[in-house]
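Subject: The structure, and what turned up in it

Hi,

Here is the structure I promised to pass on to you. Have a look at it first, and then read on for my notes.

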Amino acid sequence: MVLAGPGAALPESDPDVNPRRQHYRGRNPARAQNIAELRTMAARRLPGFCLEYLEGGADDELALARNRRALDEILLLPRTLVDVSRRELAVPLFGTDIALPAVIAPTGFNGLLTHEGDRVLAEAARAAGIPFCQSMVSTVALEDIAATGVRHWMQIYPFKDRDNLAAVVKRAEHAGCEAIVLTTDASVFGNREWDRRNYRAPMKLTWRNVLDVGLHPRWGLDVLVPHGMPRFRNLGDFLPPGMDSASNAAAFLAAQMDTSLTWEDVRRLRELWPRRLLVKGVLLPEDALRAKEAGADGVVVTNHGGRQLDAAPAPIETLAAVRQAVGAEMTVIVDSGFRRGSDFVKARALGADAAMAGRATLYGLAAAGAPGAAR
């Protein structure tokens with residue numbers, strides 16, 4: 001199978017689309033035919049502010065749309081009369097096979113989607129035979145995720161307090177994490193206007209959104225009762241006393257991002273961390289080469305799911321050039337916009353070892369908890 005150039009995307013307003021078609025809107029994730037139907041289910045279950053946090057992009061959300069459009073426009077040219085009686089999805093990743101070329105991407109605040117959402121995702125990943133990359137702003141302790149038996153990767157942000165950051169890295173080492181993933185494209189948070197519209201002050205919902213929360217009792221009974229607002233379990237010493245809840249810590253964490261991060265910090269992290277190290281936030285071939293020179297074992301080609309720079313290219317558009325620059329021996333992973341199995345085939349054909357899925361798995365988690373994540 002080979003790749004072809006861009007194809008013509010079907011306009012949403014095409015008159016030949018059956019106007020009576022509707023996505024499944026019930027509660028049984030087994031009946032969801034695709035990620036779009038899990039998204040529809042998630043939209044019914046979540047309060048608006050949670051759905052907006054999950055879905056939103058930066059500025060006019062052009063990068064968000066471009067991610068999906070770029071994948072849609074890549075065509076596959078199938079060769080006919082080829083024996084396909086034996087089909088294999090497993091691929092090697094860091095010397096050990098994974099069941100399919102997928103990794104669950106690091107996403108924060110998952111406890112707002114379902115109780116202990118990160119643990120649910122980790123258990124789904126373990127069952128599927130793929131790695132789970134846990135966010136530093138997870139609401140489940142990294143030790144608890146490691147104890148699930150999943151291939152556990154830990155994502156970290158470049159916070160200013162390097163001593164506390166080193167302590168998180170040591171915790172990950174003691175817990176047996178396979179890899180550290182350094183996120184480098186969020187030193188300054190993206191301008192997510194639609195997300196901000198839900199708040200009258202930092203982390204203070206508008207009254208309309210407060211009322212909307214009351215209209216979603218299934219979500220409230222799962223997330224808030226009896227556990228209360230989810231708390232960050234991996235940031236202990238970073239946060240002032242009593243500031244570890246998701247409602248209190250967001251503004252403080254934004255102020256803690258180190259905008260002076262450079263390649264020298266990657267080299268220092270390489271000296272500190274003895275296992276696999278990936279740099280997440282690469283779009284340019286020359287930056288992938290710098291990561292390799294700094295000692296990284298791999299890169300994640302990403303525009304942060306369209307949540308940071310709205311004028312950024314889609315990662316799938318720069319993937320082939322990144323692979324050509326670093327050669328065959330370095331691990332290259334791509335993310336942003338992946339929804340279909342064919343998207344992962346395209347990523348592999350363009351040189352990726354695997355692709356990360358973030359929103360896709362979160363839609364399942366938000367739609368129906370553990371069964372939704374598994375679906």
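The largest nonpolar core in this predicted model has 90 residues. Met136, Ile156, Leu235, Val299, Ile316 and Leu319 are the ones with the most contacts inside this core. Its largest share, seven residues, is supplied by helix H15, residues 359-374. There is also a second, separate core of 15 residues, with Phe94, Val103, Ala179 and Val181 among its members. As a reminder of the background, nonpolar side chains in soluble globular proteins tend to be buried together.

Leaving aside neighbours within four places in sequence, Val299 is in contact with Leu278, Val279, Val282, Ala288, Ala291, Val322, Met330, Thr331, Val332 and Ile333.

Ala320 sits in helix H13. Ala320 and Pro285 are 35 residues apart in sequence, and their C-alpha atoms are 9.1 Å apart in space.

Next, a helix that I went through from end to end. Helix H6 covers residues 162-175, 14 residues in total. From first C-alpha to last, H6 reaches 20 Å, close to the 20 Å expected at 1.5 Å a residue. Asn164, Leu165, Val168, Val169 and Ala172 are its buried residues. Seen down the axis of H6, these buried residues fall within an arc of 150°, so they line one face of the helix. Asp163 and His174 are exposed, and they are carried on the face of H6 turned away from the buried side.

What covers the buried residues of H6? The cover includes helices H5 (142-146) and H11 (263-272), together with strands E7 (152-156) and E8 (179-183).

At the start of H6, a side-chain oxygen of Asp161 comes to within 3.2 Å of the backbone nitrogen of Asp163. After H6 comes Gly176, which has a positive phi, near 90°.

Two loop residues remain. Asp258 is in the loop between helix H10 (246-256) and H11. Its relative accessible area is 9%, so Asp258 is buried. Not counting residues up to four places away in sequence, Asp258 touches Pro158, Phe159, Lys160, Arg162 and Ser187. Arg162 belongs to H6, which spans residues 162-175.

His304 lies in the loop between strand E12 (298-301) and helix H13 (315-326). It also counts as buried, at 14% relative accessibility. Which side chain makes a polar contact with the side chain of His304? That is Asp185, at 2.9 Å. With residues up to four places away in sequence left out, His304 touches Tyr157, Thr183, Asp185, Ala186, Arg192 and Ser336. The UniProt record, an unreviewed entry, lists His304 under "active site".

Happy to go through any of this with you.

Best wishes

Conventions:
Residues are numbered from 1 along each chain as its sequence is written. This is a predicted model: local features need pLDDT of at least 70, side-chain atom pairs count only at pLDDT 80 or more; totals for chains, interfaces and linings use all residues. Side-chain values use heavy atoms; hydrogens and water are left out. Helices (H or I, at least four residues) and strands (E, at least two) are DSSP runs, numbered from the N terminus. The expected span of a helix is 1.5 Å times one less than its number of residues. Buried means under 20% relative accessible area, exposed over 50%, partly exposed in between (1.4 Å probe, protein chains only). The arc is that of the directions from the helix axis to the C-beta atoms. Contact means heavy atoms within 4.5 Å. A polar contact is a pair of N or O atoms within 3.5 Å; within protein, one must be able to donate a hydrogen and the other to accept it, and residues adjacent in sequence count only if both atoms are side-chain atoms. UniProt positions are given in the numbering used here, feature names are shortened, and annotations may be inferred rather than shown by experiment. A nonpolar core is a set of buried Ala, Val, Leu, Ile, Met, Phe, Trp, Tyr and Cys residues joined through side-chain atoms within 4.5 Å.
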